[in-house]
Amino acid sequence: MRQIDVRSLGRRMPSIEWIAALITALSMLSACATGVPPRGDALAGAQEVRSTEIQFAKAMADRDFNAFVSHVSSDAVFFDESNIQRGAAAVAAAWKPFFVGSKAPFSWAPDHVEVLASGDLALSTGPVVVNDKVVGRFNSIWRLEAPHTWRIVFDKGEPVCNCVSK
């Protein structure tokens with residue numbers, strides 16, 4: 001049976017401190033690999049989405065159809081009262097009539113925006129206004145498709161309920 005000199009093992013085996021440092025470094029790298037940004041980044045993302053939603057609505061107000069369409073993802077799904085438009089071309093065709101005339105038929109603005117911790121998907125919601133009266137609420141899902149380029153992937157509006165409470 002061969003004997004092992006224990007003193008020589010100390011030179012070849014890493015110390016406990018070295019192993020602990022390696023585990024800590026690997027854990028940190030693993031956290032980075034998940035892509036989950038700190039909460040501050042999610043807040044910055046929410047501000048980006050809010051700004052993008054405002055630009056989207058401004059395109060309608062300015063009667064700039066091309067700017068409006070540039071915010072729509074190629075695989076977007078928009079819902080109206082009775083139809084679903086799938087894809088940017090279908091959405092553009094359905095919304096083109098809203099750009100006829102010098103005044104927009106309605107407006108909207110976000111009053112709440114949330115971004116996933118991953119930083120690549122967001123919800124914006126807010127009132128839809130016609131002649132200074134809130135007539136509905138919109139709900140839009142935005143996806144980060146390129147660095148700093150948010151595009152709308154789902155959009156659905158709902159009329160304001162004129163329900164009477166019992």
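Predicted model: local features only at pLDDT ≥ 70, side-chain atom pairs only at ≥ 80, totals over all residues.

Colleague: In which sense do strand 1 and strand 7 pair, and over how many bridges?

Modeller: Strand 1 (residues 72–79) and strand 7 (residues 149–159) pair in the parallel sense, over four bridges. Two strands pair if DSSP finds at least two bridges between them. Strands (E, at least two residues) and helices (H or I, at least four) are DSSP runs, numbered from the N terminus.

Colleague: Which residue in strand 7 does Val77 stand opposite?

Modeller: Phe154 in strand 7 is the one across from Val77.

Colleague: Got it. How many helices and strands does the protein chain have?

Modeller: Five helices and seven strands. Along the sequence the pattern reads α-α-α-α-β-β-α-β-β-β-β-β.

Colleague: Back to strand 7. How does strand 6 run against strand 7?

Modeller: Antiparallel, with 10 bridges joining strand 6 (residues 133–146) to strand 7. Arg143 has Arg151 in strand 7 as its bridge partner. Gly136 is bridged to Pro159, also in strand 7.

Colleague: What sits between strand 6 and strand 7?

Modeller: They form a hairpin with two residues between the strands. His148 there takes a positive phi near 65 degrees.

Colleague: And how many bridges join strand 5 to strand 6?

Modeller: 10 bridges, and these strands run antiparallel. Ala122 has Trp142 in strand 6 as its bridge partner. Strand 5 and strand 6 make a hairpin too, with two residues between them. In that turn, Asn131 has a positive phi of about 50 degrees.

Colleague: Why does Glu145 count as partly exposed?

Modeller: Because its relative accessibility is 32%. Buried means under 20% relative accessible area, exposed over 50%, and partly exposed in between (1.4 Å probe, protein chains only).

Colleague: What share of the protein chain counts as buried?

Modeller: 28% of its 166 residues.

Colleague: New topic, helix 5. Which residues are buried there?

Modeller: Val91, Ala92 and Trp95 are buried in helix 5 (residues 88–95). Seen down the helix axis, the buried residues of helix 5 fall within an arc of 100 degrees, so they line one face. The arc is that of the directions from the axis to the C-beta atoms.

Colleague: And what is exposed on the other side of helix 5?

Modeller: Ala89 and Ala93.

Colleague: Last one. In the largest nonpolar core, which residues touch the most other members?

Modeller: Phe56, Phe78, Trp95 and Trp108, out of 26 residues in that core. Eight elements each supply at least two of its residues, if you count along this list: helix 3 (39–61), helix 4 (65–70), strand 1, helix 5, strand 4 (112–115), strand 5 (121–130), strand 6 and strand 7. Helix 3 gives the most, with six residues. A nonpolar core is a set of buried Ala, Val, Leu, Ile, Met, Phe, Trp, Tyr and Cys residues joined through side-chain atoms within 4.5 Å.

Definitions and conventions:
Residues numbered from 1 in each chain as written. Heavy atoms only, no water.
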